[in-house]
Amino acid sequence: MIFTLLYMALGGFRPAIVVFTAVPMAAAGGIVAMVLTQIPFSVSAAVGFICLSGVAVLNGLVVMTRIGDSIREGMPVVESIRDGMMERVRAVVTTGLVPALGFIPMAIATGTGAEVQRPLATVVIGGLMASTVLTLLVLPAVARLF
């Protein structure tokens, strides 16, 4: 369903694929965070992965929309990618950093309910950090390939 919505929003298969590449990058960050903190996979961790996927797709959509607009205006592809990334760096960093910082209290919680909160928060924090960095570094390269 998400891919179909991306296809409709971006007007093509290739831009939708580029945006969708953010999901595995975010998931990899969540998995690494779980491994480093030795937190087992659980239902709350799965919910964290779902949340993480949404934010990763949102970041990719913000960037690809701007790149697509520049290309439609007649700007060369490489210049569109560079300018689109420069214009959207603040939005991508803010969208990734604010929720990650907001989940820190849940990640370090030790009281009642911490066994449910910690996996979710750990996945989201690790995934958002990885997704934000990789969106800024890898997404432009993938966009150039497609």
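In this tour a helix is a run of at least four residues that DSSP assigns as H or I, and helices are numbered from the N terminus. The model on display is predicted.

**The whole chain**

Begin with the entire chain in view. Seven helices and zero strands are present, so the order of elements from the N terminus reads α-α-α-α-α-α-α. Along the principal axes, the C-alpha atoms occupy a box of roughly 55 × 30 × 20 Å. The radius of gyration is 16 Å, which agrees with the value near 15 Å that a compact globule of 146 residues would have. Of the 146 residues, 40% are buried. Among contacts between residues at least 6 apart in sequence, 69% join residues at least 24 apart.

**A serine in helix 7**

Next, select Ser 131, which is found in helix 7. Is Ser 131 buried or exposed? Its relative accessible area is 1%; because residues under 20% count as buried, Ser 131 is buried. Display its surroundings: leaving aside residues up to four places away in sequence, Ser 131 touches Ala 26 and Ala 56.

**The largest nonpolar core**

Now select Met 34, Phe 49, Leu 52, Phe 103, Val 123, Val 124 and Leu 128. These residues touch the most other members of the largest nonpolar core, which has 18 residues. Which helices each supply at least two residues of this core? They are helix 3 (22-37), helix 4 (43-72) and helix 7 (114-145). Helix 7 gives the most, with six residues.

Centre the view on Leu 52. Not counting residues up to four places away in sequence, Leu 52 touches Ala 26, Ala 27, Gly 30, Val 123, Val 124, Gly 127 and Leu 128. Another core, of 16 residues, lies apart from the largest one; to find it, select Leu 6, Val 19, Val 23 and Leu 139, which are among its members. In soluble globular proteins, nonpolar side chains tend to be buried together.

**The largest pocket**

Finally, select Pro 15, Met 64, Ile 67, Gly 68 and Ile 71. Of the 16 residues that line the largest pocket, these lie nearest its centre. The pocket holds about 290 Å³ of space. Two or more lining residues come from each of helix 1 (2-10), helix 2 (13-20), helix 4 and helix 5 (77-102). Which element gives the most to this lining? Helix 4 does, with six residues. Colour the lining by residue type to see eleven nonpolar, three polar and two charged residues.

Conventions: Residues numbered from 1 in each chain as written. Predicted model: local features only at pLDDT ≥ 70, side-chain atom pairs only at ≥ 80, totals over all residues. Heavy atoms only, no water. Core = buried A, V, L, I, M, F, W, Y, C linked by side-chain atoms within 4.5 Å. Buried < 20%, exposed > 50% of the residue type's maximum accessible area, 1.4 Å probe, protein only. Contact = heavy atoms within 4.5 Å. 1 Å grid on protein atoms, 1.4 Å probe; cavity = no way out; pocket = protein on both sides within 12 Å on 5 of 7 lines; lining within 4 Å. Points joined across faces, edges and corners; volume = space filled by probe spheres on them. Nonpolar A, V, L, I, M, F, W, Y, C, P; charged D, E, K, R; others polar. Rg over C-alpha atoms; globule rule 2.2 N^0.38 Å.
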